[in-house]
Amino acid sequence: SSAPASGGVNAIEGSGTEWYSGVQLVGSDMLMKGDTMAFGLRYADVARFRIVAGDIGAHFPVTERLRVDPRIRAGYRDDKIGTGRTWNILPSIRAVYRLTSSTELDFEAGRNWIDQNINDPVSQGSKDETSWYLNVGYRFSF
């Protein structure tokens, strides 16, 4: 809903009805004993965008202490105000190594590709971005 102007702040127009939906399928022991596979799909229809996104992820127990988790996420966003659109693809791999019953080391690396086409009243053009990331951390449960 909208918000009236007050205290020197302009009124804010309401966004109207926004829809979000998603589904996820999860299975275990699909490729090897002890694995977990997840497939997800999401859809959003909001004031400015329509978004479709999906991901596929897995957890593979390599040894009793080491787990490897590959994942790929992809999304498409369509601008409802202009004619812009954005594609995003993000593959990653994560490894979790259990040092003790309460301590784990966590490593994740991935790449992000973004292909964006902007065509709205404020700006126009296209942009491609690529980035790499690496996260290293530890987890202590108490």
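Lysine 80 and aspartate 45 form a salt bridge in which the closest N and O atoms are 2.5 Å apart; a salt bridge here is a side-chain nitrogen of Lys or Arg within 4 Å of a carboxyl oxygen of Asp or Glu. Lysine 80 sits in the loop between strand 4 and strand 5 and aspartate 45 in strand 2, so the pair ties together parts that are 35 residues apart in sequence. Strands (E, at least two residues) and helices (H or I, at least four) are DSSP runs, numbered from the N terminus. Lysine 80 is partly exposed, with a relative accessible area of 36%. The classes are buried under 20% relative accessible area, exposed over 50% and partly exposed in between, with a 1.4 Å probe and protein chains only.

This is a predicted model, in which local features need pLDDT of at least 70 and side-chain atom pairs count only at pLDDT 80 or more, while totals for chains, interfaces and linings use all residues. Residues are numbered from 1 along each chain as its sequence is written, and side-chain values use heavy atoms, with hydrogens and water left out. The pLDDT is the predictor's confidence in each residue, from 0 to 100. The chain averages 92, and 99% of the residues score at least 70. Confidence is lowest in strand 7 (residues 124-140), at a mean of 91, and highest in strand 2, at 97.

By the rule above, the count comes to 10 salt bridges. In one of them, the side chains of aspartate 55 and arginine 42 meet at 2.9 Å, N to O. Aspartate 55 belongs to strand 3 and arginine 42 to strand 2, so this pair ties together parts that are 13 residues apart in sequence. Aspartate 55 is buried, with a relative accessible area of 11%, whereas arginine 42 is partly exposed at 39%. Another salt bridge joins aspartate 69 and arginine 67, at 3.1 Å, N to O. Aspartate 69 is buried, with a relative accessible area of 6%, and arginine 67 is partly exposed at 28%. Both belong to a network of salt bridges that links Arg67, Asp69, Arg94, Glu104, Asp106 and Arg139.

The pockets come next. Rolling a probe the size of a water molecule over the atoms shows where empty space is left. On a 1 Å grid over the protein atoms alone, a pocket is an open set of points with protein on both sides within 12 Å along at least five of seven lines, whereas a cavity is a set of points where a 1.4 Å probe fits but cannot get out; lining residues have an atom within 4 Å of a point. Grid points are joined across faces, edges and corners, and a volume is the space filled by probe spheres set on the points.

The largest pocket holds about 260 Å³ of space. It is lined by 16 residues, of which Ile51, Val52, Ala53, Gly75 and Tyr76 are the closest to its centre. Strand 1 (19-28), strand 2 (36-45), strand 3 (49-61), strand 4 (66-79) and strand 5 (85-100) each supply at least two residues of this lining, and strand 4 gives the most, with 5 residues. By class, the lining has 9 nonpolar, 4 polar and 3 charged residues. Ala, Val, Leu, Ile, Met, Phe, Trp, Tyr, Cys and Pro count as nonpolar, Asp, Glu, Lys and Arg as charged, and the others, Gly among them, as polar.

The second largest pocket holds about 190 Å³. Its lining includes Gln24, Asp55, Asp69, Arg94 and Glu108. Strand 3 gives the most to this lining, with 4 residues; the lining has 3 nonpolar, 4 polar and 5 charged residues.

Glutamine 24, one of these lining residues, lies in strand 1. Glutamine 24 is exposed, with a relative accessible area of 54%. Leaving out residues up to four places away in sequence, glutamine 24 touches Ala38, Phe39 and Gly40, where contact means heavy atoms within 4.5 Å. The C-alpha atoms of glutamine 24 and lysine 80 are separated by 26 Å.

Two further positions remain. Aspartate 29, in the loop between strand 1 and strand 2, has a phi near 55 degrees, a positive value in a residue other than glycine. Asparagine 112 is in strand 6 (residues 103-119) and counts as buried at 19% relative accessibility. With residues up to four places away in sequence not counted, asparagine 112 touches Asn88, Ile89, Leu90, Glu129, Thr130 and Ser131.
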